[in-house]
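Hello,

Here is the structure for your files. My notes on its cavities and overall build follow below.

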Amino acid sequence: MAKEIIHRLEIAGDSRQLSDGEDRLRRKLKLHCLGLASLERTIAQLRSRILYLREGDANTSFFHQQARYRKNKNFISKLHEDGQILVSQEEKQEAVLNFYENLLGTAEDREYTINLDALGIQQHDLSSLDSPFTEEEVWTTVRDLPLDKAPGPDGFTGRFYVSCWGCIKGDVLAALAAIQSGHVTRFRLLNTAFITLLPKQLDATQVKDFRPISLIHSVAKLVTKIMANRLAPLLPSLVPANQSAFVRGRNIHDNFLFVQQMVKSLQRKKEAHILLKLGISKAFDSVSWAFLLETLQHLGFGPRWRSILCLILSTASTRVLLNGEPGDYIHHRRGLHQGDPLSPMLFILVMEVLNSLIRHAANIQLLQPLAVQPGTHRASFYANDAVLFLRPSAGDLQVVKEILDFFGHSSGLRTNLTKSSVSPICCSPEDLALTAETLSCEIKDFPVKYLGLPLCLRKPSKEIFLSLVDKVADKLPGWKAK
């Protein structure tokens with residue numbers, strides 16, 4: 001319609017002089033058309049996910065074929081729920097809404113909490129986190145934003161902030177100052193997110209078979225990115241070496257090598273041990289806010305930093321995109337936003353409490369010492385991928401079960417023992433029977449996968465090398481095509 005009006009006005013302009021109102025309307029409509037064309041082009045570029053194409057190649061047939069392929073691949077035609085097949089958009093949206101409302105919009109009552117003082121968790125001076133945001137700090141954060149990643153509900157990408165920084169700098173700095181001072185009444189409007197669902201497998205038919213990708217409002221993401229940048233240099237002093245996820249200077253291979261060397265050492269001792277691989281249900285989405293704030297206060301996080309975090313958590317809301325259509329708002333009552341730069345750091349601080357519980361139980365001899373050098377860590381944590389070494393005795397198994405249950409009730413991070421697994425090291429059939437009876441876990445013989453690599457009792461280096469070769473070989477065709 002707008003293009004037709006512009007065309008008519010331009011034809012009229014060839015035969016007579018347009019009035020001031022007609023000329024303003026023509027120019028205004030042209031600007032709107034240019035803006036919409038740019039938006040459509042950006043949406044098509046993000047949908048195609050061919051990141052190596054430049055802007056000049058954005059209108060190729062290959063580009064649009066890829067965009068159509070991704071759209072068709074991610075289209076959810078039906079869902080299964082309670083033995084029924086849901087095919088209409090309304091029925092599918094209701095099923096998705098109920099699933100995520102129960103997951104994010106419902107808070108569980110805590111029967112008890114953990115005495116963090118008794119665990120000996122060290123307190124730190126983190127007063128530097130409370131200092132006001134500076135213009136240089138904000139600009140550094142904006143400059144490091146990914147330019148063309150999928151935007152949140154506001155539609156603004158990192159490229160917009162970088163390109164228009166000279167125009168929007170004053171408004172952004174004023175908004176951040178208001179957030180940090182606590183004088184915010186409608187922050188809920190800037191703290192929304194979309195969840196887009198991607199299938200985990202080809203025959204995904206239930207809501208749980210889809211991986212949720214969270215697209216957060218750019219303002220809320222900018223605030224948490226600044227907070228994450230401040231916290232990152234302090235994390236190595238807050239989290240011990242047996243937890244390496246999201247900690248600057250540590251590597252995923254540190255965890256794997258520690259676990260592999262521990263397996264080899266215990267195998268050489270010829271004494272019965274087990275490797276317990278924990279399965280934590282809906283990890284990021286289940287964190288109790290009350291427990292998180294208790295942990296942060298104990299560690300030494302200041303009132304201003306915690307106040308900003310409370311604002312971010314309490315005003316968060318999400319709408320699930322089902323085949324491109326957003327559903328109703330889900331107001332969060334627990335959990336951490338996946339896709340938020342700060343969430344992984346907060347999560348590992350919560351998991352450190354479980355690490356401290358296990359360490360405290362070993363120090364007061366509720367858990368028998370391992371047949372290795374005293375003082376060695378008996379657990380490895382990489383985000384929610386946790387491995388624990390213990391002896392297969394009735395006392396140790398019961399203590400670990402109670403620790404996991406106690407931590408789950410306090411923090412919201414419940415361990416699903418039926419999805420956990422036990423791998424025996426020099427165990428007798430009686431040891432395995434006792435373990436299976438107490439923990440109700442699946443028994444898996446070595447080699448077992450941890451962090452994507454096989455843990456082996458003998459000659460692990462060859463297995464690791466072959467696994468790495470296979471991973472590199474899978475990527476070679478894509479590299480050669482580029």
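What volume does the largest cavity have? The answer is about 110 Å³. A cavity here is a set of points, on a 1 Å grid over the protein atoms alone, where a 1.4 Å probe fits but cannot get out. Grid points are joined across faces, edges and corners, and a volume is the space filled by probe spheres set on the points.

Before the rest, the basis of the numbers. This is a predicted model, in which local features need pLDDT of at least 70 and side-chain atom pairs count only at pLDDT 80 or more, while totals for chains, interfaces and linings use all residues. Residues are numbered from 1 along each chain as its sequence is written, and side-chain values use heavy atoms, with hydrogens and water left out.

Cavities

There are four cavities of 30 Å³ or more. The lining of the largest cavity is made up of 14 residues (those with an atom within 4 Å of a point), and L104, I195, S214, D285 and Q338 are the ones nearest its centre. Helices (H or I, at least four residues) and strands (E, at least two) are DSSP runs, numbered from the N terminus. By class, six residues in the lining of the largest cavity are nonpolar, six polar and two charged. Ala, Val, Leu, Ile, Met, Phe, Trp, Tyr, Cys and Pro count as nonpolar, Asp, Glu, Lys and Arg as charged, and the others, Gly among them, as polar.

The second largest cavity holds about 80 Å³. It is lined by 14 residues, with I312, L313, H337, D340 and S343 closest to its centre. At least two lining residues come from each of α12 (303–314) and α13 (343–363), and α12 gives the most, three. This lining has eight nonpolar residues, five polar and one charged.

The chain and H124

The protein chain has 16 helices and 14 strands.

H124 sits in the loop between α4 and α5 (135–143). H124 counts as buried because its relative accessibility is 19%. Leaving aside residues up to four places away in sequence, H124 is in contact (heavy atoms within 4.5 Å) with S237, L238, L299 and G300.

Regards

How values were computed:
1 Å grid on protein atoms, 1.4 Å probe; cavity = no way out; pocket = protein on both sides within 12 Å on 5 of 7 lines; lining within 4 Å. Buried < 20%, exposed > 50% of the residue type's maximum accessible area, 1.4 Å probe, protein only.
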